[in-house]
Amino acid sequence: MKAEITSFNSSFFKYLCGFVWFDQDRLADLMKRYPIGATEQGEPIFWYINAEQKITNGRILTMDSETGKVYDDSWYYQDKRPTCLFGEHLLDSFPTRTVALVTDEMTAAIMSGFPTPYVWLATGKEKATPTD
């Protein structure tokens, strides 16, 4: 699979362009916080970057660029590295902010565009349970 590490040419960014709040500056800021890529088909890839600034994997969404409805998802794995939280790479940059943990990467990325006192992270799973 050929993928771009960062790209505004995805159905996710086309969806966000439909909202007045997300002008070009806010979209560029969002991309700086969360590098979001795209497949050749324009599907967004939400990259999971660990505290060492290394990509561990990426979640690919098949979604409607007008409604934001997600139809399918799949995972792109770099290698056998353990996964991390989506947005984990931001923790060192915002050490005093409260962590807001959500399940969905789109929610974390969108909420980061609003002025909140949080650093937004996502599990990428419906349930977050501790592992041994």
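Is Tyr-118 buried, exposed or partly exposed, and what is its relative accessible area? I looked this up first in the predicted model. Tyr-118 has a relative accessible area of 34% and is partly exposed, because that class lies between the 20% and 50% cut-offs.

**Entry: aromatic pairs.** I listed the aromatic pairs and found 12 in the structure. I then looked up Phe-22 and Phe-114. Their ring centres are 5.9 Å apart and their planes stand at 80°, so I noted the pair as edge-to-face. I checked where the two residues sit in the chain. Phe-22 is in the loop between helix 1 (11–16) and helix 2 (24–33), while Phe-114 is in the loop between helix 3 (105–111) and strand 7 (118–122). The two are 92 residues apart, and the pair links distant parts of the chain.

**Entry: accessibility of that pair.** Phe-22 has 6% relative accessibility and counts as buried. For Phe-114 I noted 30%, which counts as partly exposed.

**Entry: Tyr-118 again.** I looked up the ring of Tyr-118 together with that of Trp-120. The centres lie 5.7 Å apart with the planes at 80°, so this pair is edge-to-face. Trp-120 is buried, with a relative accessible area of 11%, whereas Tyr-118 is partly exposed.

**Entry: cluster.** I looked for rings grouped together. One aromatic cluster is formed by Phe-8, Phe-12, Phe-13, Tyr-34, Phe-46, Tyr-48, Trp-75 and Phe-86.

**Entry: charge and ring.** Last, I looked up Arg-26 and Trp-21. The charged end of Arg-26 sits over the Trp-21 ring, 3.5 Å from the ring centre.

Technical notes
Residues numbered from 1 in each chain as written. Predicted model: local features only at pLDDT ≥ 70, side-chain atom pairs only at ≥ 80, totals over all residues. Heavy atoms only, no water. Phe/Tyr/Trp six-rings, centres within 6.5 Å; stacked < 30°, edge-to-face > 60°. Helix = DSSP H or I, 4+ residues; strand = E, 2+ residues; numbered from the N terminus. Buried < 20%, exposed > 50% of the residue type's maximum accessible area, 1.4 Å probe, protein only. Lys NZ or Arg CZ within 6 Å of the ring centre and 35° of its normal.
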